[in-house]
Amino acid sequence: MSDDFEAANFGVIEGEAWMSEKKTEEFRSLTEMVQLARKHLDRGDWDYLVGAADTEASLRRNRAALESWVFKPRILNDVSKVNVESALLGSAMRIPVILPPIGSVQAFEAGGGTSVAKAAQDFGILQILSSACAPDYETVARDVPGDRIYQLYLVGDEAWMDDHISRALAAGYTGFCLTADTQVYSRRERDVMKGYVPMSGRSATAGGDFSHQASMTWDTVAHIKEKHDIPLVVKGVMHGDDASRCVEAGVDVVYISNHGGRQLDHTKACIDALPEVAAAVAGRVPVVVDGGFMRGADVVKGLCLGADFVGMGRFEGLAMAAGGSAGLMRGLKILEQEIRISMALLGAPDLAALNPTLLERAQPLAEPSVLSAFPLLEDY
Ligand SMILES: Cc1cc2nc3c(=O)[nH]c(=O)nc-3n(C[C@H](O)[C@H](O)[C@H](O)COP(=O)(O)O)c2cc1C
């Protein structure tokens, strides 16, 4: 186990003045991280981060499903060492967590994509940088050289896309991500009711033709695989048949996502899409899942059900809002502890020990109410 893990377990971090104003990134718990994020963000940016589409049912279902899985721990396994390291697309991964693309991440802390890149690199996991955030991908690559995946929203024709993929490769990106669940932009009521425009929508590089996202097909995937020598991630897979088709098309990483509930409302929960997709992929390529994962135990549940990596989007945004790069680094260290502790208490000394027999379904703790379709009623 790492020094950090042991130090934290034996209380070393408890003795310091973590909550002083000057050291806001040094929160002691993920709850405090979220408290700080809330304190630092104005209402518009907060709602942009935590909100979702329409009734926000997809968002709540992600959480409800995660909470409906409970552990069946095993005992008397030697867990004096817990190994959570692995690799993705040739990059070492300190924990089985990836930082998903977050548009307008600079709204949460001015350094934006560069701050995330620094934390990802210092900590030792991969970031997927969104094309809808600042600074642009070439600047981030220059400022923080290293392994990274680039996610591009298609707002130009095929030649435009090819140009950006070639430039991403030249800049050192080690993977390319197509987000397939954003054919059109959804209606996010929190933003609509305030007239909130995310920063990416206000930037000079915005204003491209989003209809190219809507006309994207399997031919786009085939074209990228044929023309570019860069590993391809397809994000937004929710159906076993699409997962199979991805693998057949040569996609290198299948990424299960409902965009954190921010696109199609009333999707199944991502963790519920996981068993079907993992079965379809059958170990041929890595599977990533995101959607509602906020704690170490959540990550462990995703791994038990067949994911190789878990994406944590709002976690990334909240950590950035709490303390920028240092806040994200701190959040990831706490997350690492939570993962290690959950695995130890589950009797799992390494990632290979995680499997579906360690979970079963139970009644979720919180019941949806009759007003579930109008979660904003009390706030507006
Ligand atoms: C503020 C915000 C901005 C996002 N921007 C993008 C984006 O530019 N591209 C993309 O593929 N996904 C985007 N997503 C979706 C995330 O990559 C990820 O799929 C989602 O946040 C996972 O759900 P979670 O927030 O519950 O972890 C965004 C999510 C949030 C919260």
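1. Asp265 and its contacts. Leaving out residues up to four places away in sequence, Asp265 touches Ala53, Asp54, Thr55, Glu56, Ala57 and Ser58, where contact means heavy atoms within 4.5 Å. The residue sits in the loop between strand E9 (253-256) and helix H13 (270-281). Helices (H or I, at least four residues) and strands (E, at least two) are DSSP runs, numbered from the N terminus.

2. Basis of the note. This is a predicted model, in which local features need pLDDT of at least 70 and side-chain atom pairs count only at pLDDT 80 or more, while totals for chains, interfaces and linings use all residues. Residues are numbered from 1 along each chain as its sequence is written, and side-chain values use heavy atoms, with hydrogens and water left out.

3. Polar contacts of Asp265. The side chain of Asp265 makes a polar contact with the side chain of Thr55 at 2.5 Å. A polar atom of the Asp265 side chain also lies 3.0 Å from the backbone nitrogen of Ser58. A polar contact is a pair of N or O atoms within 3.5 Å; within protein, one must be able to donate a hydrogen and the other to accept it, and residues adjacent in sequence count only if both atoms are side-chain atoms.

4. Charge at Asp265. Asp265 is buried yet has no salt bridge, and the nearest side chain of opposite charge, Arg60, is 6.4 Å away. Buried means under 20% relative accessible area, exposed over 50%, and partly exposed in between (1.4 Å probe, protein chains only). A salt bridge is a side-chain nitrogen of Lys or Arg within 4 Å of a carboxyl oxygen of Asp or Glu. Lys and Arg count as positive and Asp and Glu as negative; His and the chain ends are not counted.

5. Leu59. Leu59 lies in helix H4 (residues 57-68) and counts as buried because its relative accessibility is 17%. Its C-alpha atom is separated by 8.0 Å from that of Ala269, 210 residues apart along the chain. Apart from neighbours within four places in sequence, Leu59 is in contact with Val50, Ala52, Gly260, Gly261 and Arg314.

6. Asp47 and its two arginines. A search of the whole structure finds 16 salt bridges. In one of them, Asp47 and Arg43 meet at 3.2 Å, N to O; both lie in helix H3 (residues 43-50), 4 residues apart, about one turn of the helix. Asp47 has 1% relative accessibility and so counts as buried, whereas Arg43, at 34%, counts as partly exposed. Asp47 also forms a salt bridge with Arg190 (3.0 Å, N to O). That pair links distant parts of the chain, with Arg190 in helix H8 (residues 189-194) and Asp47 in helix H3, 143 residues apart. Both Arg190 and Asp47 are buried.

7. Arg167 and Glu138. The side chains of Arg167 and Glu138 meet in a salt bridge (3.0 Å, N to O). The pair joins distant parts of the chain: Arg167 is in helix H7 (residues 158-171) and Glu138 in helix H6 (residues 137-143), 29 residues apart. Arg167 is partly exposed at 31% relative accessible area, and Glu138 is partly exposed at 23%.

8. Strand E8. In E8 (residues 232-237), 6 of its 6 residues are buried. Strand E7 (residues 175-179) pairs with E8 in the parallel sense over 4 bridges, and Leu178 stands opposite Val234 in E8. E8 and E9 run parallel and are joined by 4 bridges. Two strands pair if DSSP finds at least two bridges between them.
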